[in-house]
Amino acid sequence: MGCDRNCGLITGAVIGAVLAVFGGILMPVGDMLIEKTIKKEVVLEEGTTAYQNWVKTGTEVYRQFWIFDVQNPQEVAVNSSNIKVKQRGPYTYRVRFLAKENITHDYEDNTVSFVQPNAAIFEPSLSVGTENDTFTVLNLAVAAAPHIYQNAFVQVVLNSLIKKSKSSMFQTRTLRELLWGYKDPFLSLVPYPITTTVGVFFPYNDTADGVYKVFSGKDNISNVAIIDTYKGKRNLSYWPSYCDMINGTDAASFPPFVEKTRLLQFFSSDICRSIYAVFGSEVDLKGIPVYRFVLPAKAFASPVDNPDNHCFCTEKIISKNCTSYGVLDIGKCKEGKPVYISLPHFLHASHDVSEPIEGLNPNEEEHSTFLDVEPITGFTLQFAKRLQVNILVKPAKKIEALKNLKKNYIVPILWLNETGTIGDEKAEMFKSKVTGKIKLLGLVENILLGVGVVMFVAFMISYCACRSKRSK
């Protein structure tokens with residue numbers, strides 16, 4: 001009887017040990033299965049989960065606009081006073097709802113080419129007003145004229161046309177006109193062929209961004225979705241060295257198995273450059289654990305602090321000998337127009353940039369850019385891309401509308417928040433297909449390991465106790 005009991009205890013201990021060992025073996029095997037499945041599903045080829053969502057995003061993407069309505073236009077034009085602005089918005093449009101077009105697979109170099117059609121649909125229910133709301137804003141054509149045409153004689157001619165068209169430093173425009181374009185009265189009088197339609201995002205509707213050529217990841221998963229060329233080039237030909245390079249993805253996804261130490265590089269045609277995000281925090285998004293990567297202040301730092309930005313410092317006066325920070329001159333990729341980009345409300349900008357503008361309230365939570373990336377697949381499940389469009393205005397003695405200015409202004413026109421979040425249905429599907437299976441496998445592994453260890457220890461304690469009693 002004692003022998004039978006000892007055998008039972010030993011058998012139980014052996015079973016426990018086997019379960020523990022099996023649980024330990026299952027862990028790396030399970031990890032290998034997960035890795036193999038993920039590597040298969042994130043490749044950009046027909047039939048994969050990634051390809052289906054890549055061709056046409058399953059997430060509703062919105063672009064919200066806040067317009068800076070100028071409160072003292074006459075005071076600025078006459079006395080060169082600080083510009084007082086009042087933010088109005090949001091005005092919301094649905095964007096990126098069209099599927100990619102002209103998709104072409106190159107199976108020799110494992111790339112996919114495509115264009116992304118542009119279209120915007122106004123969403124009244126998500127807006128504070130209508131597209132016919134009016135704003136007092138900078139006159140885009142008048143402000144840009146002396147910057148583009150610096151010859152004194154040409155400026156005299158332009159001044160006569162500005163006066164004849166009754167244009168001034170500021171103008172009143174509807175939301176629709178400001179964003180998507182209007183026929184400018186001053187430019188319409190220019191006696192040679194030029195584009196007379198002006199708008200912050202003109203042209204946009206019925207256009208396409210690209211051609212993009214990205215790696216499919218078929219031969220190397222670490223390259224999946226990374227841009228190989230844009231418009232047939234590996235660089236933008238606007239600036240030399242780093243600023244010229246196209247790095248990373250389009251931010252919709254990244255190569256899988258994202259670590260917190262990784263810099264997530266992505267290219268944005270809106271700002272004519274590649275940029276990067278760094279790990280900020282862990283976030284629970286509808287039950288899915290994600291890593292939040294944020295755009296660091298260093299991305300808009302002066303060349304003194306961030307040499308990668310040296311090519312965005314195009315002159316010494318406006319930039320205070322390249323020591324100003326928080327704005328980037330992208331005029332070279334905007335046909336020479338004096339366009340500067342920044343974070344909203346000049347977040348992280350130097351005092352000299354924001355000092356001539358009153359009414360700004362930079363806020364990290366509202367105005368920073370972030371990406372919520374599911375680390376196993378590399379899919380971006382939520383994002384907020386926030387940028388501000390500004391125009392440089394300088395004194396121009398030959399142009400009456402600008403002759404009273406005594407200082408340079410980087411004038412904020414608007415800021416935007418392009419945002420998207422995985423829908424509830426898609427989130428549940430993602431959890432069932434990806435995170436749910438991973439959690440289940442991990443739970444099974446831990447249960448087997450835990451039960452095995454407990455059984456082994458319990459039976460060994462019982463066995464030792466039994467042996468002790470027998471010896472007495």
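**Strand pairing, cores and cross-links in a predicted model**

Phe135 stands opposite Arg173 of strand E7. The structure is a predicted model, in which local features require pLDDT of at least 70 and side-chain atom pairs are counted only at pLDDT 80 or more, whereas totals for chains, interfaces and linings use all residues. Residues are numbered from 1 along each chain as its sequence is written, and side-chain values use heavy atoms, with hydrogens and water left out.

Strand E6 covers residues 134-138, and E7 covers residues 170-174. The two strands pair in the antiparallel sense over five bridges; pairing requires that DSSP find at least two bridges between the strands. Helices (H or I, at least four residues) and strands (E, at least two) are DSSP runs numbered from the N terminus. E6 is mostly covered, with four of its five residues buried. Buried denotes under 20% relative accessible area, exposed over 50%, and partly exposed the range in between (1.4 Å probe, protein chains only).

The protein chain contains nine helices and 20 strands. Of its 472 residues, 50% count as buried. The chain exposes about 22900 Å², of which carbon and sulfur atoms supply 56%; accessible areas come from the Shrake-Rupley method with a 1.4 Å probe, and for residues only the protein chains shown count as cover. Among contacts (heavy atoms within 4.5 Å) with a separation of 6 or more, 64% are accounted for by residues 24 or more positions apart.

A nonpolar core is defined as a set of buried Ala, Val, Leu, Ile, Met, Phe, Trp, Tyr and Cys residues joined through side-chain atoms within 4.5 Å. The largest such core has 90 residues, and those with the most contacts inside it are Phe65, Ile83, Tyr93, Leu138, Met169, Phe186 and Phe300. Strand E20 (residues 409-421) gives the most to this core, with seven residues. Leaving aside residues up to four places away in sequence, Phe186 touches Ala141, Val142, Ala145, Leu158, Leu161, Ile162, Ser165 and Ser167. A second, separate core of 28 residues includes Tyr51, Val112, Ala225 and Ile227.

A search of the whole structure finds 18 aromatic pairs. Rings of Phe, Tyr and Trp (its six-membered ring) pair if their centres lie within 6.5 Å; planes under 30 degrees apart count as stacked, over 60 as edge-to-face and the rest as tilted. The rings of Trp66 and Trp415 have centres 4.1 Å apart and planes at 5°, so this pair is stacked. Trp66 lies in strand E1 (residues 61-70) and Trp415 in strand E20, so the pair ties together parts that are 349 residues apart in sequence. Both Trp66 and Trp415 are buried. Elsewhere, ring pairs link Tyr51, Trp54, Phe114, Tyr212, Tyr230 and Phe267 into a cluster.

One disulfide is counted, under the rule that a pair of cysteine sulfur atoms lies within 2.5 Å. This disulfide joins Cys272 to Cys333, with an S to S distance of 1.9 Å. Cys272 lies in the loop between strand E12 (264-268) and strand E13 (273-285), and Cys333 in the loop between strand E15 (327-329) and strand E16 (339-342), so the pair ties together parts that are 61 residues apart in sequence. The torsion about the S-S bond of Cys272 and Cys333 is about 80°, so the disulfide is right-handed. Cys272 and Cys333 are both buried.

Lys39 lies in helix H1 (residues 2-41). With a relative accessibility of 33%, Lys39 counts as partly exposed. Lys39 touches Ile221 and Phe257, not counting residues up to four places away in sequence.
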